[in-house]
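Thanks for making time this morning.

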Amino acid sequence: MMGALSLAYPFSRVTATKVSEAQAKPNNGFPSFLPKQVHTIKDPFARNLAMRIHRLPVSVKFSENPIMSSCVKPLMIQNKANPVVLLHGFDSSCLEWRYTFPLLEEAGFETWAFDILGWGFSDLAEKLTSCDVVSKREHFYQFWKSYIKRPMILVGPSLGSAVAIDFAVNYPEAVEKLVLIDASVYTEGTGNLATLPRLIAYAGAYVLKSVPLRLYANYMTFNDISFSTSLDWTNIGRLHCLFPWWEDATVDFMISGGYNVVSQIRKVKQKTLVIWGENDRIISNKLAVQLHCELSDAIIRQIPDCGHLPHVERPASVVKFIIEFVQRETKLVNQCVSAE
């Protein structure tokens, strides 16, 4: 798959704003707030993206102090086109976008990768009162309001699709278009996990971050990757779990009930691109057709020989579909203007 990415990664540590002293003095290129295990990661795309992670202060109602919130910022802020903002899946981080992010930048998009509250690399050392859906939504909205400030093309893979739908319905002014990838939007929250006693929930969280479970998840998620690649991707996928506050945030989300957006799907007004891996063993691609039918204004694209995370497994295809989706709408608008 690496050979399919025919570009030199456009990495730069130059930013438009000052960063904190901790970020300005990285440890061998990595921000000092990342877990030290980041140095064991071999994937050069993951390493490069990790070097670009920043923490930005976000003020929210449920925390006395601003939350230092992790994201990957664009190299350049554009004024003409609306930005592409990338969410991630359940219990993941912005590193999920290690292959797709540079391709989007190469295509000329102003691109952000945002870590959903409770996951990723934000600083939650000050214990939050809650890490439920409402808190995640408000945190993302305040981040958007503070830094992005324009309608965005919001991209959500897996559970990130539920986050994107929930956000687009509640804050339609912030979302121009949606891209939903192998969307996990038909599960009714965390189900029976919400009723677990906290002690059992913490035991479940311990298992969730274990290497054997993560390796098995990679086996189910991806088609035909080597064990060494799977092990490295496991280390990338669980890096954020090594923060001391990860268990508290995960358990709080589990017992809060999680995302249930089934009733919100038909309320989505934005134009939507649905992308799906045809060989998804996590969520059947039959649900792609159902989602396409229930959305008011959507197109669907499926990727052959691809599993649950196309942006990891087939990044070039995902970027191609996003470019076509954006350009298609731009051409239609231009045609209407010309006709007038």
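Predicted model: local features only at pLDDT ≥ 70, side-chain atom pairs only at ≥ 80, totals over all residues.

Strand β3, residues 84-86, and strand β4, residues 111-114, run parallel and are joined by 3 bridges, where strands are DSSP runs of E with at least two residues, helices are runs of H or I with at least four residues, and both are numbered from the N terminus. Within this pair, L86 stands opposite A113 of β4. Residues are numbered from 1 along each chain as its sequence is written, and side-chain values use heavy atoms, with hydrogens and water left out.

The two strands belong to an open sheet of 8 strands with mixed pairing, in the order β1-β2-β4-β3-β5-β6-β7-β8; two strands count as paired if DSSP finds at least two bridges between them. At the edges are β1 (53-58) and β8 (298-303), each of which pairs on one side only. On average, neighbouring strands of this sheet are turned by 25° against each other, direction ignored. Helix α10, residues 286-294, packs on the sheet and touches β6 (175-181), β7 (271-277) and β8, its direction making about 165° with that of β8; contact here means heavy atoms within 4.5 Å, and angles run from 0 to 180 degrees between N-to-C directions, with axes fitted as lines to C-alpha atoms, for helices over the stretch in contact.

Let me turn to the helix pair. Helix α7 (residues 211-221) and helix α8 (residues 227-237) pack at an angle of about 115°, and their axes lie 9 Å apart. On the α7 side, V211, R214, L215 and N218 meet F227, S230, L231, W233, T234 and G237 of α8. Sorted by class, this contact has 5 nonpolar, 4 polar and 1 charged residues, with Ala, Val, Leu, Ile, Met, Phe, Trp, Tyr, Cys and Pro taken as nonpolar, Asp, Glu, Lys and Arg as charged, and the others, Gly among them, as polar.

Which residues of α8 are buried? They are S230, D232, W233, T234 and I236, buried meaning under 20% relative accessible area with a 1.4 Å probe, protein chains only. The buried residues of α8 pack against α2 (44-51), α7 and α11 (310-313).

Finally, for the protein as a whole, there are 12 helices and 8 strands, and buried residues make up 55% of the 340 residues.

Definitions and conventions
Buried < 20%, exposed > 50% of the residue type's maximum accessible area, 1.4 Å probe, protein only.
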